[in-house]
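Try each task before reading its solution.

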Amino acid sequence: MTESLKSFFDNLPTNHWSTLVIALLSIIFIVYSLYFYFSKEGKDERGKKIISTASFISFIITMILLFALSNLFYDIASYNQVSYSWILNLAVLIISGTEAIGIFILKKSI
């Protein structure tokens with residue numbers, strides 16, 4: 001698995017679309033979460049419950065992600081600087097995406 005990721009990172013400067021997609025999705029998820037937090041709906045009791053539940057789920061996903069990718073992270077991140085920044089951007093995408101998707105789902109169910 002690490003060999004295929006290393007070949008992916010070797011071609012990353014020519015395949016910069018993945019970095020742009022990750023950055024764009026991260027920005028969208030973060031803006032959505034901030035919009036909900038500062039909106040009128042996010043300030044009432046239901047909104048605070050949604051934010052706290054989504055944040056807890058995001059925290060759990062972060063811990064699982066750090067545990068699962070700890071060995072892989074050091075193998076790939078030490079490969080070169082591009083791979084290090086790409087892995088960190090991917091982690092931010094997963095965490096912010098979990099938060100935003102959690103808010104979106106909980107808005108409909110709570």
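**Exercise 1.** Find how exposed E41 is, then trace its salt-bridge partners.

*Solution.* 
Step 1. E41 has 30% relative accessibility, so it counts as partly exposed (buried is under 20% relative accessible area, exposed over 50%, partly exposed in between, with a 1.4 Å probe and protein chains only). This is a predicted model, where local features need pLDDT of at least 70, side-chain atom pairs count only at pLDDT 80 or more, and totals for chains, interfaces and linings use all residues. Residues are numbered from 1 along each chain as its sequence is written, and side-chain values use heavy atoms, with hydrogens and water left out.

Step 2. Look for salt bridges (a side-chain nitrogen of Lys or Arg within 4 Å of a carboxyl oxygen of Asp or Glu). The whole structure holds 2. In one, R46 pairs with E41, with closest N and O atoms 3.0 Å apart; in the other, K107 pairs with E41 at 3.9 Å.

Step 3. Join them up: E41, R46 and K107 form a network.

**Exercise 2.** Check the accessibility of the two partners, R46 and K107.

*Solution.* 
Step 1. R46 is partly exposed at 28% relative accessibility.

Step 2. K107 is also partly exposed, at 27%.

Step 3. Now place the K107 pair, which has its closest N and O atoms 3.9 Å apart. K107 sits in helix α6 (residues 81–109) and E41 in helix α3 (residues 40–43), so their pairing ties together parts 66 residues apart in sequence (helices are DSSP runs of H or I, at least four residues, and strands runs of E, at least two, numbered from the N terminus).
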